[in-house]
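Visitor: Could you show me how to read helix packing and salt bridges in a model of this kind?

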Amino acid sequence: MNTLFQKFKLNESIELQNHILMAPLTRCMADDNLVPTDAMAKYYARRADAGLIISEAIIIRPDGQGYPNTPGLFSAAQVEGWKKVTAAVHEKGGKIFAQLWHVGRVAHPYFFGGDVIAPSAIGVEGTVPRMRDLQYVTPKAATVEEIKQLVSDYATAAKNAIEAGFDGVEIHGANGYLIDQFLHHASNARVDQYGGSPENMARFALEVVDAVTSAIGHDRVALRLSPGAYFNMPADKQDREVFDFLIAQLNNVKLAYLHVGIFDDGMEFDYLDGRVSDYMRKVYQGTLVGVGGFTIESGAKAIEDKRFDLVAIGRPFIANPDLVAKAKRGDELVAYSDEMLTSLV
């Protein structure tokens, strides 16, 4: 039997029906109050034969929003909306984690009417996705008190996720968003306990992990990281020391898994001695999830070659809600096209 279709035990609490994860896919399909819709419940339920669905990124509080109509987990109505989604997935026998998200300096006050908050007052150039008339603004450097509140808000969102019926959470610490901004020298110029040294720059990420695991249990918590900077973030060779320290600490936490947060096949970083995934495989001792344009065939080979333990697949799941069933039968998959992003199927 293809390795991908065999069961996988994440830990004592969670067993997956196969090695295939549905990668988080930002679809911008929540309503104007950022509440999940009935269409979203049907969309996720149709993909419940994945070993685990990682939800689209879900903002933990209003000032974490940087895209239109991205769902939240900070209001009672949003929690109720997600209950419909998780119930639909569970009814089909699936499992689903909520990806917890704050975009940091790529947020926009258009959505929430306040300051954009980040580690440092260092902005990015460009415009808001899907709303290209909105230019990014220079963020406000968070105070220590504001950072402590952010940590608390991640924990609250995690508890809301469990109340909403999610099987666990994946903390989004990658791709140039808030947590990742603390981990890279290009975006973190702080000189207090949250900047300067690897220990200080990793502090916020570790505090969030500690708060979330304390709130819902380490067996229900995962983390996504991108040591290689590539999205809203220039690379810096000093970043290697930050991630060396951070991942060494994570080896003591027993997370559900660590998720490679970069499509890195063919992309190499000198300061990581090659691909991000290979670097993470060397330094992380727990379950590792790979991502990066994998097909069923290439994903199976990556696992057989021990590059990863599990593989997350994204766009093919948009085009093929029944991807796992098709793959088991050997059916040809529908090719993804960008036009598919405009509707939930």
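The dialogue below takes up helix pairs and then salt bridges.

Guide: This is a predicted model, in which local features need pLDDT of at least 70 and side-chain atom pairs count only at pLDDT 80 or more, while totals for chains, interfaces and linings use all residues. Residues are numbered from 1 along each chain as its sequence is written, and side-chain values use heavy atoms, with hydrogens and water left out.

Visitor: How are two packed helices described?

Guide: Two packed helices are described by the angle between their axes and by the distance between those axes. The axes are lines fitted to C-alpha atoms over the stretch in contact, with angles from 0 to 180 degrees between N-to-C directions, and the helices (H or I, at least four residues) and strands (E, at least two) are DSSP runs numbered from the N terminus. Here, helix α7 (residues 203-216) packs with helix α8 (residues 239-250) at an angle of about 15°, and their axes are 10 Å apart. The two helices, α7 and α8, are therefore roughly parallel to each other, a term for angles under 35 degrees, as against roughly antiparallel over 145, roughly perpendicular from 65 to 115 and oblique for the rest.

Visitor: In which hand does α7 pass α8, and which residues make the contact?

Guide: The crossing of α7 with α8 is right-handed, a label used if the near helix is turned clockwise from the far one by less than a right angle, whereas anticlockwise gives left-handed. Ala-205, Leu-206 and Val-209 of α7 make the contact with Phe-245, Leu-246, Gln-249 and Leu-250 of α8, where contact means heavy atoms within 4.5 Å. By class, these residues are six nonpolar, one polar and no charged; Ala, Val, Leu, Ile, Met, Phe, Trp, Tyr, Cys and Pro count as nonpolar, Asp, Glu, Lys and Arg as charged, and the others, Gly among them, as polar.

Visitor: At what angle do α1 and α2 pack?

Guide: Helix α1 (residues 38-45) and α2 pack at about 25°, with axes 8 Å apart, and they are therefore roughly parallel to each other. The crossing of α1 and α2 is right-handed. In this contact Asp-38, Met-40, Ala-41, Tyr-44 and Ala-45 of α1 meet Trp-82, Lys-84, Val-85, Ala-88 and Val-89 of α2, a set with eight nonpolar, no polar and two charged residues.

Visitor: How many salt bridges does a search of the whole structure find?

Guide: A salt bridge is a side-chain nitrogen of Lys or Arg within 4 Å of a carboxyl oxygen of Asp or Glu, and the search finds 16 of them. One of these joins the side chains of Asp-153 and Arg-61 (2.7 Å, N to O), linking Asp-153 in helix α4 (residues 144-163) to Arg-61 in the loop between β4 (52-59) and α2 (76-91), 92 residues apart.

Visitor: Are Asp-153 and Arg-61 buried or exposed?

Guide: Buried means under 20% relative accessible area, exposed over 50% and partly exposed in between (1.4 Å probe, protein chains only). Asp-153 counts as buried at 16%, and Arg-61 is buried at 14%.

Visitor: Where do Arg-240 and Asp-244 lie?

Guide: Both lie in helix α8, four residues apart, about one turn of the helix, and their side chains meet in a salt bridge (3.0 Å, N to O). Arg-240 is partly exposed, with a relative accessible area of 22%, and Asp-244 is partly exposed at 31%.
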